[in-house]
Amino acid sequence: MATRTVLLQRVRAPFFHPRPSSSPRLLDIPRLVTRHSNLRCFSTSASSGTSTTPHRNMNAVLEQQQHHAAGDWYSVPDLRLRDHRFTVPLDHTSPSSHTISVFAREVVAVHLCLGTWACSHKDLLSADCCPLTKKIGKEEQPLPYLLYLQGGPGFESPRPTEASGWLKKACEEYRVILLDQRGTGLSTPLTVSSLSQMTSAEQLVEYLKHFRADSIVNDAEFIRVCLVPDGGPWTILGQSYGGFCVVTYLSFAPKGLKCALITGGLPPIGKGCTADAVYRACFEQILHQNEKYYKRFPQDVEVVREVVNHLTEVEGGKVLLPSGGTLTPRGLQTLGLSGLGSSTGFERLHYMFERVWDPTLVPGAQKHLSYFFLKAYENWMSFDTNPLYALLHESIYCQGASSQWSAHRVRVEYDSKFDAIKAVKENRPVLFTGEMIFPWMFEEVHALRHLKEAAHLLAAKEDWLPLYDVSTLNSNQVPVGAAIYYEDMYVNFKISMETASQISGIRLWITNEFMHSGLRDGGSQVLDQLFGMLKGKKPLF
């Protein structure tokens, strides 16, 4: 398919027009800083009121220091970094409740500093060898702040090893804050082992309800007031699920934002549970991705069928995995989650199947799936290291309604196409599934088994708080730029466009040059495009 890129400016309303008198519930910034015990969040159950202007005083600074610890600066190639740890309430609506730790990493670029003589002889110098040149970090420069929100749910922010990709581009102008969203990375991480401390499934569900986008945005607001001079607004960048969080931010705390960037992350914002619509759209796109994969690697049609046939013929219809879990035909199909939706995914999936079988060393020996393949299969699934993804995935689509295992229910509608055993019998290609969590995963994935009961309770939970305010989005004043990937397997194009139509003033870059992983694969180009649109440097038509 030929590459197509479209620049689109929405003109529903100007960026900066007067806000209606009934503004959304905002985080009360002064009270947050001056008295942590009186923290007020943007709870949608609270009465509406106008926000107040952020301010600071000496008491605020002293109070802030009790809940914020900053480390020393350190270096990786061409970057300077500093670690921050914040103590925040587990439940922002009840600040006196249990607290958790939230981690964020501050990142700035380094620049080349030339001496007087060196400035006159730049053509003779090399920054790597000349003693008259020196790389100096931008720690003391008054740079604007940019908060990065990672995809997920349940995944930590990237760990920089050098200045490259989107981070290098962002650090040219910004002081970047890489946030480990609560429950991930170093932010009171919820792992399969730490979650076992909960004494009951009910207790775990009560705890996990505080780990969605609303709480993440409250954490971000706490951090913003602590870090940004005078508690001023900052720019945010959200990738995938991070973009969902950005839309929550725009809904309930827009006063904290200077501008917002979204890459592959415009969520459905309808009331109730939108998961059914999401998965129906996802199944349609995954059919297309399967078709493309087998067209690229037609030899894999027979290979995958052989594996499915093998799994159905072994005792119990499953093979034991290195971790103690089991591999079944339906489990094999979940390789599409990582293999069919990002750049190089097709290739990596193909190379995995290249080594699916053990060699026959002894004539007559039984055929076995190789340890290499079984281990690679488990490595592709991050459920053992990031269980929040499996536990909370469907809840990100819920507002005042339960998901009731939406992906599992919707898949039944597509069983004629996605039944792996039936496909083998009918000599059809076995189709992989996409970004979906199924209840049987909590039986077949060893690390998730003790979380099975909690997972079922989460699927049945109905009283999820709202994540979006459509009326506020309709009157949005924050400059927003979004990259929408035409063939995105994770965040559906049509749903993204429906949401974009509800965000006043949003500017869109629609392209099929990248897949969902565009920020990772071409981060500098993606950011340049989005910043260019918001700054008026890119043509708009």
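Modeller: The largest pocket has 34 lining residues, and Q150, F155, Q239, S517 and R520 are the ones nearest its centre. The model is predicted, so local features need pLDDT of at least 70 and side-chain atom pairs count only at pLDDT 80 or more, while totals for chains, interfaces and linings use all residues. Residues are numbered from 1 along each chain as its sequence is written, and side-chain values use heavy atoms, with hydrogens and water left out.

On a 1 Å grid over the protein atoms alone, a pocket is an open set of points with protein on both sides within 12 Å along at least five of seven lines; a cavity is a set where a 1.4 Å probe fits but cannot get out; lining residues have an atom within 4 Å of a point. The largest pocket holds about 1,100 Å³ of space, a volume being the space filled by probe spheres set on the points, which are joined across faces, edges and corners.

At least two lining residues of this pocket come from each of helix 4 (165-171), helix 11 (336-339) and helix 22 (518-521). Helix 4 gives the largest share, three residues. Helices here are DSSP runs (H or I, at least four residues), numbered from the N terminus. The pocket lining has 13 nonpolar, 15 polar and six charged residues. Ala, Val, Leu, Ile, Met, Phe, Trp, Tyr, Cys and Pro count as nonpolar, Asp, Glu, Lys and Arg as charged, and the others, Gly among them, as polar.

Six cavities of 30 Å³ or more are counted. The largest cavity has a volume of about 110 Å³. Its lining has 15 residues, with L391, E394, S395, S403 and A459 nearest the centre. Helix 14 (387-392) and helix 19 (452-460) each supply at least two residues of that lining, which divides into 11 nonpolar, three polar and one charged.

As for the packing, the largest nonpolar core has 130 residues, and W234, L266, L332, L335 and F353 touch the most other members. Such a core is a set of buried Ala, Val, Leu, Ile, Met, Phe, Trp, Tyr and Cys residues joined through side-chain atoms within 4.5 Å, buried meaning under 20% relative accessible area with a 1.4 Å probe, protein chains only. Helix 8 (residues 275-296) supplies the largest share of this core, 10 residues. Another core, of 29 residues, lies apart from it and includes L81, A163, Y174 and C259.

Notes. Buried < 20%, exposed > 50% of the residue type's maximum accessible area, 1.4 Å probe, protein only.
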